[in-house]
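Please keep the sequence and the structure in view while reading.

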Amino acid sequence: MSLNRENAWHMSRLAKLTSILGVLFGCQYLLLPTAVLADSRQGAYQPGPAPVQPANRRPTEAEVDRLFAEALKLLRENHAFQARQLLEKAASLEPNSAAVHCNLGLAYQNSGNIDRAIQEFNEALRLKPAMPEATLNIAGCYQSLGQTAEAISWYEKYLKVSSDSAESKQIKDVIEALKATSQKPASDPSLPDYFLAITSEGTYRWPIERLPIRVFIDSGAGVKGFRESFRHDLLESFDAWTKASGNRLRYVLVPERTEADVVCDWTSNPAEVSEAGTQSERGMAHIFASHGDIRRGTVKILTKPTLDEGTLSNDDMKKACLHEVGHVVGMQGHSPNNHDVMFFTVDTATVWPVLSKRDKATIARLYESYPEASASPEPQQGGR
Ligand SMILES: [Zn+2]
């Protein structure tokens, strides 16, 4: 992280803390750069195998145009399943449109059927070789599947066909991060937990004497795109992780950031959740630790949707909150399994907006030596 992005309060706190704290961790949570829609059918037509009667062709083409436009809107609003139905119909009326197959692939990808998505993108590429949208989206599919080598190879293909695109900087960042991930000691994605993956560089926990963790959540006032439900999502994330720890980990909300151990902020500026110049995160979390003891944490969540004209889905916000809160409670690393909230790639339909069995087992193992919470539950508001 770079300190100059921190606000004045953080700076003053940091000045006091740097003498005792030695470790900073950030999140390398990768945003899937998959949201590339073929937004026009222009030029996407290839001559069909059989000539169509001009009299029949016009109404069909108009119907395909209508289905395509409607599906595009649905995809932007995160209604992948409905979009899929329209695009299936469009593809049956006009099987030779690369744009239809590309967006159908995206509809499958966003509704979690990655294998079928890859099939549709390949069909788009057969009709329109080197189509940049389909190339990029296939890369995202392999990233979602955790097939890192394939993902890198498709991203590199994409850079070759559109090196001057707006996404190319982001793609280069993603390639670098994927390469770094693939060099880490692999851990088996089918184990009952991913404890090894989150402790490979040391084991970090909130010390017993600092529990409950005092959490401050900024109001989000004035942050573009902020919705009141986001605060609820963040609270639910703290609830989910503490519950999964067997309530060995506890937190309370505090009304002032100066009283907090964990400060949670919102931003609409992707640069504020970027790590060392990368542009590929949905959120950011840092812990400040001394030896294995976490002393302080920060969470910052991006309120901007993936698509410029799109809507940030509730599920994507929930996933970002769960993931970043996971880091701040001690998960210092990522899961290699694409069904875990702590998977290293964000916004993939393979991750559900709830903790997986493995997420729960990992936090439980991290805090297993801590005493269980007493019978009388802590109040959810107030200081220590
Ligand atoms: Zn992360």
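Helix 9 (195–198) and helix 10 (228–244) are among the elements that cover the buried residues of helix 12. The buried residues of helix 12 (residues 357–366) are Arg358, Asp359, Lys360, Thr362, Ile363 and Leu366. Buried means that 20 or more other C-beta atoms lie within 10 Å of the residue's own; exposed means 12 or fewer, partly exposed is in between, and C-beta atoms are placed from the backbone. Helices (H or I, at least four residues) and strands (E, at least two) are DSSP runs numbered from the N terminus.

The model is a predicted one, in which local features need pLDDT of at least 70 and side-chain atom pairs count only at pLDDT 80 or more, while totals for chains, interfaces and linings use all residues. Residue numbers start from 1 along each chain as its sequence is written.

The chain has 12 helices and eight strands. Of its 384 residues, 45% count as buried.

The largest nonpolar core has 52 residues, and Val215, Trp241, Val262, Val325 and Val329 touch the most other members. Helix 9, strand 3 (213–217), helix 10, strand 5 (262–267), strand 6 (283–290), strand 7 (293–302), helix 11 (314–328) and helix 12 each supply at least two residues of this core. Another core, of 42 residues, lies apart from it and includes Leu87, Ala90, Ala107 and Tyr108. A nonpolar core here is a set of buried Ala, Val, Leu, Ile, Met, Phe, Trp, Tyr and Cys residues joined through C-beta atoms within 7 Å.

Leaving out residues up to four places away in sequence, Trp241 touches Leu249, Val325, Gly326, Val329 and Ile363. Contact requires C-beta atoms, placed from the backbone, within 7 Å.

Leu235 also lies in helix 10. Leu235 counts as partly exposed because it has 18 C-beta neighbours inside 10 Å.

Two helix pairs are compared by their axes, which are lines fitted to C-alpha atoms over the stretch in contact, with angles from 0 to 180 degrees between N-to-C directions.

| Helix pair | Axes come within | Crossing angle |
|---|---|---|
| Helix 4 (residues 98–110) and helix 6 (residues 132–144) | 10 Å | roughly 20° |
| Helix 10 and helix 11 | 9 Å | roughly 45° |

Helix 4 is therefore roughly parallel to helix 6, whereas helix 10 and helix 11 are oblique to each other. Angles under 35 degrees count as roughly parallel, over 145 as roughly antiparallel, 65 to 115 as roughly perpendicular, and the rest as oblique.

Cys102, Gly105, Leu106 and Gln109 of helix 4 meet Glu133, Ala134, Asn137 and Cys141 of helix 6. By class, this contact has four nonpolar, three polar and one charged residues. Nonpolar covers Ala, Val, Leu, Ile, Met, Phe, Trp, Tyr, Cys and Pro, charged covers Asp, Glu, Lys and Arg, and the others, Gly among them, are polar.

Most residues other than glycine have a negative phi, and most peptide bonds are trans. The peptide bond from Leu211 to Pro212 is cis, with omega near -5°, and Pro212 lies in the loop between helix 9 and strand 3. Asn247 has a positive phi, near 60°, and sits in the loop between helix 10 and strand 4 (251–253). His291 also has a positive phi, near 50°, in the loop between strand 6 and strand 7. With 11 C-beta neighbours inside 10 Å, His291 counts as exposed.

Technical notes. Two residues are in contact if their C-beta atoms, placed from the backbone, lie within 7 Å.
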